[in-house]
Amino acid sequence: MISYLFLLRRTLWLQKCCAAWIACALLAGCWDSKEIDTLSIIQGVAIDTDQQDMLELTYQHLIAQKSRRNMYSNVTTLDKDSIQSASREQAKQVSRAPLYSFIRLILISDEAIQKRRIDQLLDTFTRSYKPSRKSLVMIIKGNAKEALNKIGKHQEIPSIDLEALAKNSDLNSKIPSRITLGEISTHISQGADFLIQYIETDGGNHFSGAALISGKTKKFAYRIDEEDVSGINWLLGKTKDSIIKTEMSKSNQSMVFDVEDVHTKLIPHMNGQDLSFTVCIQADTKLNESTVNSVDFLKESFIQTAKEAVQDQIKQTVSHSLNTLQKEMKADVVGFGTKVKVNYPAYWDRVKENWQDTFSQIPIHVKAKVQIKRTGAYSKEEGE
């Protein structure tokens, strides 16, 4: 009897061990996983067209290794009639399997996007590759592949350097806001005009205004210079942490203010059948630099004069950009149409098909209200 119980317990113990071993074998890891040192991680893609209008695809590979020290990158360029065909051509040149899920950056030459629609150029990235919708998109003057061969000042891998450079739009109002693959998909579905960061490669990769993409043609329409980009950023309320410089007209002396906070409202007005807008901009600033001499920065008279100077500068910058958008380009990249659609849907139904022409004729009044929170000055009592 005792030997029978001992045998039974031993059998149960063996069964439990076998079950645990099988469970571990089935649950541990993924059956379709691949070793990292067999992969080539695509970090950046450049899209160009050649003289025969064939697509020229350039891929920046991060060659993964088990030791991070040994990681390195290389670039391959292929000519094909479609992006999918070019990606398959890599099998002839690259021994490691390309991994597209971690694309940081998609660069498109201005020539390519003048010939082909942006939704067609990006279709395979949203349909097949499935990279993050946060992958950045930029337009390059000239050959896009050159940008993937320019070593950055602080990052060795160009695609990573450009991704980091794009974030500097938070520090300089002359740089357009970075735009992602997901945001572009939204603009395309809405048929809206939008801006993409514009890069030049001479002397190293650097920003040079913005590329305007037409909501109708889905192609490159205009290049917008840095001054107009600054005004557009004020209209969008995206100038926080940037600076604004003013000139004192009587003395030719200047002041530089840091924008600590900014709020912009686009307010539509309907008077019968006449539409107009008021743009209200409120900004909190602080004086960061001044060449103004012999002045008490704490005096109310100086603060009032400085406020008026900043307000005038903002209105001048915004009005200049509005004139460019309305009269020269007939492009609504700020969202005036959306405000009309929400507030006056019946009117919008009548004008939406020809909104560009309607937008170009709308009176827009700009108001700016500035507060100077700090001047960096102190009284004698405070300094003693």
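This report looks at salt bridges in a predicted model.

## The overall count

How many salt bridges does a search of the whole structure find? The search finds 10. Three of these pairs are described below.

## Glutamate 163 and arginine 104

Glutamate 163 pairs with arginine 104 in a salt bridge. Their closest N and O atoms are 2.5 Å apart. The two residues come from distant parts of the chain. Glutamate 163 sits in helix α6, which covers residues 158-166. Arginine 104 sits in the loop between β4 (97-99) and β5 (105-109). The partners are 59 residues apart.

Is glutamate 163 buried or exposed? Its relative accessibility is 19%, so glutamate 163 counts as buried, because the cut-off for buried is under 20%. Arginine 104 has 29% relative accessibility and counts as partly exposed.

## Aspartate 119 and arginine 117

Aspartate 119 and arginine 117 also join their side chains in a salt bridge. The distance from N to O is 2.6 Å. Arginine 117 is partly exposed, at 29% relative accessibility.

## Lysine 174 and glutamate 227

Lysine 174 forms a salt bridge with glutamate 227. Here the N to O distance is 3.0 Å. Lysine 174 lies in the loop between α6 and α7 (181-190). Glutamate 227 belongs to helix α8, residues 226-236. The pair therefore ties together parts of the chain that are 53 residues apart in sequence.

How accessible are the partners? Lysine 174 is partly exposed, with 32% relative accessibility. Glutamate 227 is partly exposed too, and its relative accessible area is 44%.

Note on methods. Residues are numbered from 1 along each chain as its sequence is written. This is a predicted model: local features need pLDDT of at least 70, side-chain atom pairs count only at pLDDT 80 or more; totals for chains, interfaces and linings use all residues. Side-chain values use heavy atoms; hydrogens and water are left out. A salt bridge is a side-chain nitrogen of Lys or Arg within 4 Å of a carboxyl oxygen of Asp or Glu. Helices (H or I, at least four residues) and strands (E, at least two) are DSSP runs, numbered from the N terminus. Buried means under 20% relative accessible area, exposed over 50%, partly exposed in between (1.4 Å probe, protein chains only).
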